[in-house]
Amino acid sequence: ATHLLARARTHTALGAYVDVREDTTLAQARAADARIANGSAGALEGVPLAHKDIFVTQDFATTAGSRMLKGYRSPFDATVVAKLKDAGTVTLGKLNCDEFAMGSSNENTAIAAVGFDTVVPTRNPWNASRIPGGSSGASAAAVAGRLAPAATGTDTGGSIRQPASFCGITGIKPTYGRASRYGMVAFASSLDQAGPMARSAQDCALLLSQMCGPDLDRDSTSIDMPAEDFSRTLDQSIEGLRIGVPAEFFGEGLSSDVRATVDAALKQYEKLGAKLVPIALPRTELSIPVYYIIAPAEASSNLSRFDGVKFGHRADKYTDLADMYKKTRAEGFGDEVKRRIMIGTYVLSHGYYDAYYLQAQKIRRMIADDFQNAFQQCDVIAGPVAPTVAWKLGEKSDDPVANYLADIFTLPGSLAGLPGMSVPVGFATTGDDAGMPIGMQLIGNYFQESRLLNAAHRFQ
Ligand code: GLN
């Protein structure tokens with residue numbers, strides 16, 4: 001922990017950490033040492049890790065990347081944080097993210113990273129002029145940049161898988177409901193899920209085993225299934241595993257580097273004894289409009305709590321209550337968050353609800369059904385995580401739609417609530433992209449996390 005803290009203090013160029021508190025971390029490390037010495041060590045005793053700043057923490061500030069929560073300190077720990085602490089982990093600090101987890105590049109943060117006086121983008125450790133992905137971009141950057149052996153992330157429409165792919169690390173988003181959402185600053189509640197980001201499937205399995213489990217009193221969507229030991233089946237043979245390959249994931253717009261690398265990984269899986277099965281996910285393209293209706297709709301409702309009254313930012317000067325709300329929200333939220341609140345409010349409003357929100361919900365159900373049809377023929381689904389490697393800083397920062405389109409391969413699984421992971425499988429070789437990492441996505445049926453981790457581990 002001391003070594004990693006020193007790295008967090010000196011290697012600030014990545015702009016990954018937003019809060020580091022040496023005394024807190026070292027006290028936790030000493031407590032872990034004491035438990036190891038007296039024989040009461042937890043499953044992850046002494047393992048240092050860092051949390052995405054979307055999880056509320058008692059010991060560190062929680063901002064969710066927003067001016068709205070700048071300096072906010074939670075009176076309690078998120079369930080996922082509490083569980084990892086109970087298992088003995090030592091918290092290195094909090095990691096930057098896109099504001100309220102809305103984004104794909106980590107450029108949407110309003111919080112200055114440790115070592116900076118102004119807001120800076122988090123950088124990709126493989127190439128400092130590139131984004132690390134998002135919204136759990138700093139989690140991926142910290143792990144890839146050796147500032148933390150592991151980190152937590154959250155995934156609403158790809159925010160664990162995409163940055164893991166862009167930074168060449170492993171990340172898994174479990175089945176919706178596996179990990180408690182209690183204490184995760186809410187973005188889109190029917191989609192938000194927590195998961196681990198680490199160097200290998202093995203590390204992810206160890207962490208995920210501690211992060212999951214029922215929390216019925218605090219999260220009504222938490223699933224009443226006992227926590228599982230996801231490490232148990234890591235070494236199983238994948239002989240005969242049927243890997244579904246959706247044609248829609250290999251269409252136009254896929255970079256030649258990503259295509260070639262994922263194709264090579266599929267060939268490697270065949271060598272390991274898996275069988276490739278062509279499948280169809282015909283509504284893949286529709287997942288973009290469907291997600292960008294449902295997620296903003298839920299966000300517009302979730303973010304109504306930031307009104308300047310109960311907690312967070314409040315405008316300095318105002319005339320009356322309505323003016324206080326307006327000024328507080330105008331000052332506290334960034335552009336992307338405002339854009340989504342407006343879209344969400346619009347699609348939920350009288351006269352438009354049926355045309356947008358209701359339609360989106362119907363197609364969401366069909367997308368989930370498409371997956372169930374596909375899983376009749378295969379055990380896991382494989383394809384790219386994103387159409388390209390990490391893009392350059394600033395390249396898409398003025399173009400929200402370009403950001404949304406890049407989510408095409410992660411959104412379908414999110415809408416269906418399925419577990420998905422990103423496994424590093426190679427690097428780009430052409431032009432400016434050369435050397436950038438490429439991840440392969442594995443999607444499983446509900447509660448098949450151990451199968452995904454097993455398939456990833458055998459590959460690694
Ligand atoms: N890029 C997607 C978005 O901007 C996904 C974000 C996420 O999973 N939190 O909404």
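This is a predicted model: local features need pLDDT of at least 70, side-chain atom pairs count only at pLDDT 80 or more; totals for chains, interfaces and linings use all residues.
Residues are numbered from 1 along each chain as its sequence is written.

His51 belongs to strand β2, residues 48-52 (strands are DSSP runs of E, at least two residues, and helices runs of H or I, at least four, numbered from the N terminus). Setting aside neighbours within four places in sequence, the contacts of His51 include Val81, Leu95 and Thr152 (contact means C-beta atoms, placed from the backbone, within 7 Å). Ala150 is 99 residues away from His51 along the chain, with 8.9 Å between the two C-alpha atoms.

## Helices α8 and α10

Helix α8 (residues 287-302) packs against helix α10 (residues 335-348) at about 100°, with 7 Å between the axes (lines fitted to C-alpha atoms over the stretch in contact, with angles from 0 to 180 degrees between N-to-C directions). The two helices are therefore roughly perpendicular, a term for angles of 65 to 115 degrees. Among the residues making this contact are Ile293 and Pro296 of α8 and Ile341 and Val347 of α10.

## Around the ligand

The ligand is surrounded by 13 residues, and the closest are Ala101, Ser104, Thr156, Gly157 and Ser159 (each residue's C-beta atom, placed from the backbone, lies within 6 Å).

Conventions:
Two residues are in contact if their C-beta atoms, placed from the backbone, lie within 7 Å. Angles under 35 degrees count as roughly parallel, over 145 as roughly antiparallel, 65 to 115 as roughly perpendicular and the rest as oblique.
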